[in-house]
Amino acid sequence: MPDKNIFTDKVKITIKSGDGGDGMNSFKAFKGKPACGPDGGDGGNGGAVYIVADGNMGDLLSFRYTSKFCAGNGERGGTNKCFGRGGDDVIIKVPVGTVVKDADTGTVIADMFSDSQKKLIAEGGRGGKGNVRFTTSRRHAPNFAQKGEKTEPHMLILELKVIADVGIIGFPNVGKSTLLSKISAARPKIANYHFTTLSPNLGVVKYYDNSFVAADIPGLIEGASQGSGLGHDFLRHIERTRMLLHVVDISGCEGRDPVEDFKLINAELSSYSKVLASLPQVIALNKCDIAGAEENIKAFKKKYAKKYHIFTITAVNGEGADKLIEGVFNILNELPPVKRIESDETFTYTKSGNLDFEIYLDGDAYVVVGSLVDMLCRNVSLNDPDSMAYFQKILREKGVISKLRQLGIKDNDTVVVGDVEFDFVN
C-alpha cells in the first residue's frame with residue numbers, strides 16, 4: 001500500500017511510444033490461380049504518449065510505484081489490403097502545475113498549467129507499407145514490404161511546482177498552518193512542534209466576491225537553500241507565486257529573535273533565487289497575544305515599517321486576519337497574474353524528420369550511418385531484385401554515392417549500409 005503521508009513532488013519516469021506494425025507481403029491466390037497480384041496491407045501506427053493535467057491530483061506519489069509507460073504497438077498489415085490495427089495510446093495524468101523536462105538535456109517540454117491541459121509527448125511509429133503500395137507500371141509483383149517504424153524510450157523528469165497567488169513562508173512553528181486554516185477552508189495538520197507540515201497546503205481565500213490561492217510552504221531553516229531541513233525540497237513551490245506572506249513569531253517565546261529570523265529567511269530566499277527574493281512581501285507578526293510581544297512589535301516596525309506592509313495577528317483565534325486579507329488582496333490587484341514557465345510547446349519525441357547520413361572509415365570499409373540508413377533497413381529486402389534496385393536508387397538520389405566518390409572510394413572497395421555490405425562499382 002502506498003504511504004499517503006509521503007509527499008512526492010519530483011520523479012523520473014520512462015516513456016515509449018508504440019512501434020509501427022510491419023506491412024504485409026502477400027499475393028492473392030485463387031484455386032487454379034496461385035498468384036493474382038499483390039494484396040499486402042499496411043501495418044498499423046504505434047500508439048502515442050500524452051500527458052494530461054488533472055486537477056484532482058495533489059502530488060506525484062503514484063509515480064513512485066509505476067514509472068514506466070509504454071504505448072501499444074501497431075499490428076501487422078493483413079492480406080486483401082487490410083490495414084493492421086493501430087496501437088493504443090497512453091495517457092499519463094499529472095497534477096496541475098507539473099513541469100515536464102527531458103531528463104538528458106533538461107529541456108522544459110511542457111508546463112501543465114491548467115486543468116485538462118493535454119500535451120503530445122511522443123508520437124507512435126508509423127506503420128510499414130504493404131507490398132501492394134510498391135506496384136508500378138514496371139513492377140507488377142513486388143515481393144517485399146516495409147517494416148514498421150521503431151521508437152526509442154525516453155526519460156522524463158516530472159517536477160511539481162504549486163500554482164498559487166501567495167506563498168506563506170517563515171520558520172517552523174510560527175503559525176503558518178494555523179493562519180491558513182483561519183483565512184481559508186484548508187485544514188492542514190497543526191501541532192506544537194517543528195515540521196508539522198510535511199507538504200505544501202493550498203487554500204482558497206475569499207475576499208467578498210473575489211478570491212486568491214494561498215500556499216503554506218513547509219518551514220524553512222538556516223541553510224535551506226543548500227539542502228538543510230525540509231525547506232530545500234519545497235522552495236521550488238514558491239517560485240511561481242505572485243507575492244510572499246512572511247509569518248514571524250513576534251513573541252520570541254521559543255528564545256528566538258524575530259528580527260534575526262526574518263533576516264535569515266530572506267537570506268535563504270536570496271541564496272536560492274534572486275527572482276524569488278525580489279517578490280513583494282507582506283509581513284504578518286503572529287502570536288501578538290503572548291507577553292513580551294508588544295516590545296518586539298515596536299522594535300520590528302521601527303526597523304521595517306518603511307519597506308514592508310506589516311500586520312499584527314493572532315492566528316490561533318483569527319484576530320487581525322481580516323485586515324491582513326484585505327492588505328494582501330490590494331497588493332495582488334497591482335501584480336501581474338501567475339505566469340507559465342517557458343517551454344518548447346512544439347516539442348514532441350518523433351523519428352520523423354530529415355533523412356541524413358554520415359560516412360566514416362572502418363579499416364578499408366566505408367560505413368554509412370544515420371536516419372537514412374535506418375529508413376533503408378526497414379524498406380529493403382535483400383532477396384528481392386526490385387527491392388535492391390530501390391535501395392541503389394535511394395543511395396544515388398540522397399547523395400551517398402556522390403559523397404563516397406568525394407572521399408576517394410575506388411572500385412571494389414567495401415561499403416557497409418546497415419546490414420547490407422557490397423563492393424563499390426563506378
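Author: Asn131 sits in the loop between strand E7 (118-122) and strand E8 (154-160). Strands here are DSSP runs of E with at least two residues, helices are runs of H or I with at least four, and both are numbered from the N terminus. The model is predicted, so local features need pLDDT of at least 70 and side-chain atom pairs count only at pLDDT 80 or more, while totals for chains, interfaces and linings use all residues. Residues are numbered from 1 along each chain as its sequence is written, and side-chain values use heavy atoms, with hydrogens and water left out.

Is Asn131 buried or exposed? Asn131 is buried, because its relative accessible area is 0%. Buried means under 20% relative accessible area, exposed means over 50%, and partly exposed lies in between (1.4 Å probe, protein chains only).

Which residues does Asn131 contact? Neighbours within four places in sequence are set aside. The contacts are then Met24, Asn25, Ser26, Phe27, Pro38, Asp39, Gly40, Pro142, Phe144 and Ala145. Contact means heavy atoms within 4.5 Å.

Take Gly40 from that list. Gly40 is in the loop between strand E1 (10-16) and strand E2 (49-54). Gly40 also counts as buried, because its relative accessibility is 0%.

Five strands form it, and it is open, with the order E3-E1-E8-E5-E6 and mixed pairing. Strand E3 (68-70) and strand E6 (108-112) are the edges; each has a single partner strand, so one side of each lacks a neighbour in the sheet. From one strand to the next, the twist averages 25 degrees. Strand E5 (residues 98-102) runs antiparallel to E8, and 5 bridges join them. Two strands pair if DSSP finds at least two bridges between them. Val100 has Leu158 in E8 as its bridge partner.

Next, the nonpolar cores. Such a core is a set of buried Ala, Val, Leu, Ile, Met, Phe, Trp, Tyr and Cys residues joined through side-chain atoms within 4.5 Å. The largest has 39 residues, and Phe212 and Leu324 touch the most other members. The elements giving two or more residues are strand E9 (166-169), helix H1 (176-183), strand E10 (201-207), strand E11 (210-216), strand E12 (243-249), H3, strand E13 (281-286) and helix H6 (321-332). H6 gives the largest share, 7 residues. A second, separate core of 23 residues includes Ile15, Ile51, Phe69 and Val100.

Beyond four places in sequence, Phe212 touches Asp165, Val166, Gly203, Val204, Val205, Ile325, Val328, Phe329 and Leu332. H1 is mostly covered, with 7 of its 8 residues buried. They are Lys176, Ser177, Thr178, Leu179, Leu180, Ser181 and Ile183. These buried residues pack against E9, E10, E11, E12 and H6.

H3 also has a helix partner. The axes of H3 (residues 258-272) and helix H5 (residues 293-304) come within 10 Å and cross at roughly 40 degrees. That makes H3 oblique to H5. Axes are lines fitted to C-alpha atoms, for helices over the stretch in contact, and angles run from 0 to 180 degrees between N-to-C directions. Under 35 degrees counts as roughly parallel, over 145 as roughly antiparallel, 65 to 115 as roughly perpendicular, and the rest as oblique. Pro258, Val259, Phe262 and Lys263 in H3 meet Asn296, Phe300, Lys303 and Tyr304 in H5.

There is also an open sheet of 4 strands, ordered E15-E16-E17-E18, with mixed pairing. Strand E15 (358-362) and strand E18 (420-423) are at its edges; each has a single partner strand, so one side of each is without a neighbour in the sheet. Strand E16 (residues 365-369) and strand E17 (residues 414-417) run parallel, joined by 4 bridges. Val368 stands opposite Val417 in E17.

Last, the whole protein. It has 9 helices and 18 strands. Of its 426 residues, 48% are buried. Among contacts with a separation of 6 or more, 72% link residues 24 or more positions apart.
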